[in-house]
Amino acid sequence: MINKLVVANLKHRPVRTLLSVLAIGVEVTMMLTLVGLSEGMLEDSARRARGVGADIIVRAPGTSLMSLSSASMPQKLMDFFAGQPHVALAAGTVVHPIGGVNTVTGIDLDEFNRISGGFKYISGGPFRRPDDIIVDDFYAVQNKLSVGSTVNLMNRNWRVCGIVEPGKLARIVIPRATLQDLAGATGKLSQIFLKLDTPAHTNQVIAALKEKLPDYQMYSIEELTSLYSVSNVPGLSAFIGVIIGLSIVVGFLVVFLSMYTAVLERTREVGILKALGASPGYVLGIVFRETVLLALAGSLLGIVLTYGSRWLIMTLVPASLTQKIVPAWWPIAGAIAVFGALIGAMYPAWKAARQDAIEALSYE
Amino acid sequence: MSNGELVIQARDVRKVFRVGDVEVHALRGVSLDVRRGEFVSVIGPSGSGKSTFFHILGGLTPPTSGSIHIHGKDLRAMSEADRTELRKKEVGFVFQKYNLLPTLTAADNIAIARHIAGTEDGDDRQFREVLGLLGISGRLGHKPAALSGGEQQRVAIARAIVNRPSILLADEPTGNLDTENSAAVLALLRDLNARLGQTILMITHNPEAAAYGSRTVEMRDGRIV
């Protein structure tokens with residue numbers, strides 16, 4: 001019976017109910033989109049790292065695995081690595097930020113082809129000039145590029161020579177020597193990929209290399225991809241925490257205002273219920289049930305909206321952002337929405353429960 | 001006068017409200033006995049304390065002094081929670097403005113009173129008989145806005161008696177109704193009193209309406225005169 005009353009109350013003011021559900025839905029989408037972007041972009045990075053086909057990655061001492069690092073390793077190290085037991089191939093790259101989360105990667109195409117099996121060209125082909133650039137399909141679509149197009153990066157025009165399938169190393173690659181010159185890092189590398197004669201030797205080779213180069217960071221590609229998680233990205237967990245905090249505040253304010261106006265509007269009805277013998281707990285129960293129903297409906301809408309935000313990102317900026325749908329976060333986001341909503345409903349519910357029956361019955 | 005057991009025993013009941021710095025003496029020593037099965041009309045001008053007396057009898061507010069017993073239970077000794085319990089089962093209210101919940105159908109307005117009292121699973125025979133007596137069986141699926149004033153008041157009466165209260169308190173039950181509907185509602189109350197033995201206290205301004213009761217008491221300036 002009480003549920004009937006709750007549903008009837010919500011249906012009685014459909015616009016207020018829909019706006020409350022929408023606001024909670026946006027709150028939930030905000031959380032799920034952020035988490036989806038974090039996980040999606042990390043997964044995308046991991047997939048591209050695996051796409052290189054290497055077994056080991058080496059980075060300079062003191063660099064963070066997740067953040068962009070300047071090219072600080074001497075290129076001569078390539079020869080050192082190439083001479084080590086079980087190391088079949090070595091490929092060095094330079095990574096340079098170009099704004100936002102985008103980077104451009106400098107490669108030696110022959111070296112990279114040997115280790116990775118080469119790019120799969122959708123159109124065009126390899127570098128022919130120092131100002132040639134290869135981009136993946138996502139980047140080409142997002143920036144409306146085709147072979148022969150000019151793209152301006154780092155205050156310089158580049159000619160698109162090839163468009164390749166995504167999933168290998170990077171979305172934008174240029175000749176390594178050119179990038180080293182531009183970045184003032186001649187003879188330096190950001191990371192070195194090693195391919196072994198057999199992957200079974202990976203741990204043994206890493207152990208041997210660490211003895212010789214103790215300060216350098218070395219990971220198997222398997223280990224590297226497993227490290228691509230939210231908790232390993234400096235500041236990301238805190239950022240997600242801040243967004244969740246803001247979401248709770250949004251949910252609190254929306255539900256507070258919605259339930260406060262609802263309780264004021266229903267002052268007389270609260271009086272009627274009290275005259276019928278409803279206890280303060282009964283009245284509290286009605287307000288809280290309405291709140292939970294709003295929050296659950298908002299959570300469902302938020303989940304649906306997450307698919308919408310993913311579609312929007314895929315349509316507008318597929319190369320910059322990758323959003324994953326993370327069902328494991330649905331109950332978490334739902335619980336956060338319910339929590340925020342219940343906090344928001346506390347004062348209105350208390351006000352309703354404490355309402356004097358005689359005053360309420362005379363309320364016009 | 002009925003010779004049944006005492007349902008209401010009020011002795012020197014006083015109620016003082018404080019409005020700002022001013023004390024308002026709404027009741028100045030009301031004493032009244034009502035026996036089971038009586039239909040008592042309470043008449044008096046506005047401000048005579050009728051509604052305050054009803055609110056005290058219904059457990060909506062405690063008296064300032066005096067003693068008042070409903071079925072032997074002392075209202076002055078009751079906590080807020082005890083008075084809530086009293087309203088659930090011992091007292092049924094009928095108001096001038098019907099006071100139905102606008103979002104629920106007539107049937108659900110009656111059902112929620114049973115839900116609050118925890119009597120949903122009880123015997124329905126008497127309730128069905130009451131519905132038949134009230135003549136609203138065909139209107140139960142409608143919301144209050146779709147019902148006439150007379151129909152709304154019948155639903156309100158059904159809601160008030162659904163938990164078989166010891167007392168039905170009707171505060172100007174015909175105040176918003178035309179002559180025809182007023183007569184129908186008053187006849188209904190008289191029937192409930194006669195057929196089911198329902199004890200009724202009814203506030204009214206109208207001497208004609210008061211005549212439907214078996215006894216009339218008059219209030220003036222916070223006292224029964």
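How many residues does helix α12 of chain A have, and how far does the helix reach from its first C-alpha to its last? I found 25 residues (330-354) and a reach of 35 Å, close to the 36 Å expected at 1.5 Å a residue, the expected span being 1.5 Å times one less than the number of residues. Helices (H or I, at least four residues) and strands (E, at least two) are DSSP runs, numbered from the N terminus.

I noted that this is a predicted model, in which local features need pLDDT of at least 70 and side-chain atom pairs count only at pLDDT 80 or more, while totals for chains, interfaces and linings use all residues. Residues are numbered from 1 along each chain as its sequence is written, and chains are lettered from A and ligands numbered from 1 in the order in which they are written.

Next I looked up chain B, where I found 7 helices and 10 strands. The C-alpha atoms of chain B fill a box of roughly 50 × 40 × 35 Å along the principal axes. Buried residues (20 or more other C-beta atoms within 10 Å of their own, C-beta atoms being placed from the backbone) make up 48% of the 225 residues in chain B.

Last, I turned to the contact (C-beta atoms, placed from the backbone, within 7 Å), which takes 19 residues from chain B and 18 residues from chain A. On the side of chain B that touches chain A, α2 (80-89) and α3 (106-117) each supply at least two residues, and α3(B) gives the most, with 7 residues.

How values were computed: Contact = placed C-beta atoms within 7 Å. Buried ≥ 20, exposed ≤ 12 C-beta atoms within 10 Å, placed from the backbone.
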